[in-house]
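Work through the exercises below with the sequence and the 3D view open. Try each task before reading its solution.

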Amino acid sequence: MQIQVTTTPDELAILAADRIEELVRTKPDCVLGFATGSTPLSTYQELIHRYQEGRIDFSKVRTFNLDEYWGLPPTHPQSYHSFMQEHVFQHLNIPADQIHLPQGHGIDEETACRDYEREIRRAGGIDLQVLGIGTNGHIGFNEPAKELRLDTHLVTLTQATVLANSRFFSSPSEVPRRAITMGVRTILSSRRLLLLATGPQKAAILQQLFQRGISTELPASLLHLHPDATILADQDAAALLA
């Protein structure tokens with residue numbers, strides 16, 4: 001696992017978009033794994049800008065998102081379906097039938113998880129997965145635990161994650177307590193991993209990521225096992241690294 005530190009979050013977004021653009025140019029029908037949250041938004045905005053300039057064609061790209069809240073219909077304004085549609089997909093030329101997110105509503109847990117894994121396999125696996133990192137080290141919604149689930153599964157969110165995500169809701173009480181997420185094996189099966197970290201609130205966990213060993217209590221540490229994992233961090237996020 002390698003890390004590249006940028007001066008600003010905007011510079012990070014440009015570098016991340018460069019890597020995605022390169023992949024789409026060399027493999028137009030590539031499979032991209034997307035993450036939600038505030039950190040990757042600047043990267044997505046940069047990709048949209050390049051598409052609008054005619055630099056990138058996404059018409060053959062297929063996408064899979066890491067996770068979705070359990071119990072929220074796709075039309076709910078705080079669902080990740082709505083988030084991605086508003087901030088990404090309505091601005092790019094990816095056909096709707098090539099866009100995939102976990103189903104968190106109107107389906108039973110076992111079917112939702114099995115179907116999502118099957119769709120990823122049918123697509124040939126994920127070429128590049130964008131990741132964020134939680135302040136407790138979670139990736140996707142794989143929270144710190146003694147054991148981690150391998151494949152797509154339903155998870156109960158920690159109180160820390162609920163509080164962190166409550167900024168998108170009117171109050172913490174409105175945040176769903178469960179989510180459907182790719183498991184660690186699904187994530188690590190991606191051919192390339194690109195983890196984005198910005199801001200001083202991520203400094204402590206990045207320090208732990210590089211100073212502690214591999215542990216399920218710090219799920220992001222499993223990226224050390226991946227042959228092509230890169231962290232892009234701005235100066236604030238990397239402030240505690242030696």
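**Exercise 1: Around E119**

E119 touches F64 and H100, leaving out residues up to four places away in sequence; contact means heavy atoms within 4.5 Å. This is a predicted model: local features need pLDDT of at least 70, side-chain atom pairs count only at pLDDT 80 or more, and totals for chains, interfaces and linings use all residues. Residues are numbered from 1 along each chain as its sequence is written, and side-chain values use heavy atoms, without hydrogens and water.

Solution. 
1. Helices are DSSP runs of H or I, at least four residues, and strands are runs of E, at least two, numbered from the N terminus.
2. Apply the cut-offs: buried is under 20% relative accessible area, exposed over 50%, partly exposed in between (1.4 Å probe, protein chains only).

**Exercise 2: The nonpolar core**

Task: Which residues of the largest nonpolar core touch the most other members?

Solution. 
1. Recall the term: a nonpolar core is a set of buried Ala, Val, Leu, Ile, Met, Phe, Trp, Tyr and Cys residues joined through side-chain atoms within 4.5 Å.
2. Among its 66 residues, L32, Y44 and F58 touch the most other members.
3. Helix α1 (residues 9-26) gives the most to this core, six residues.
4. Another core lies apart from it, with five residues, including W70 and C113.
5. Now inspect F58. Beyond four places in sequence, its contacts include V24, L32 and P95.
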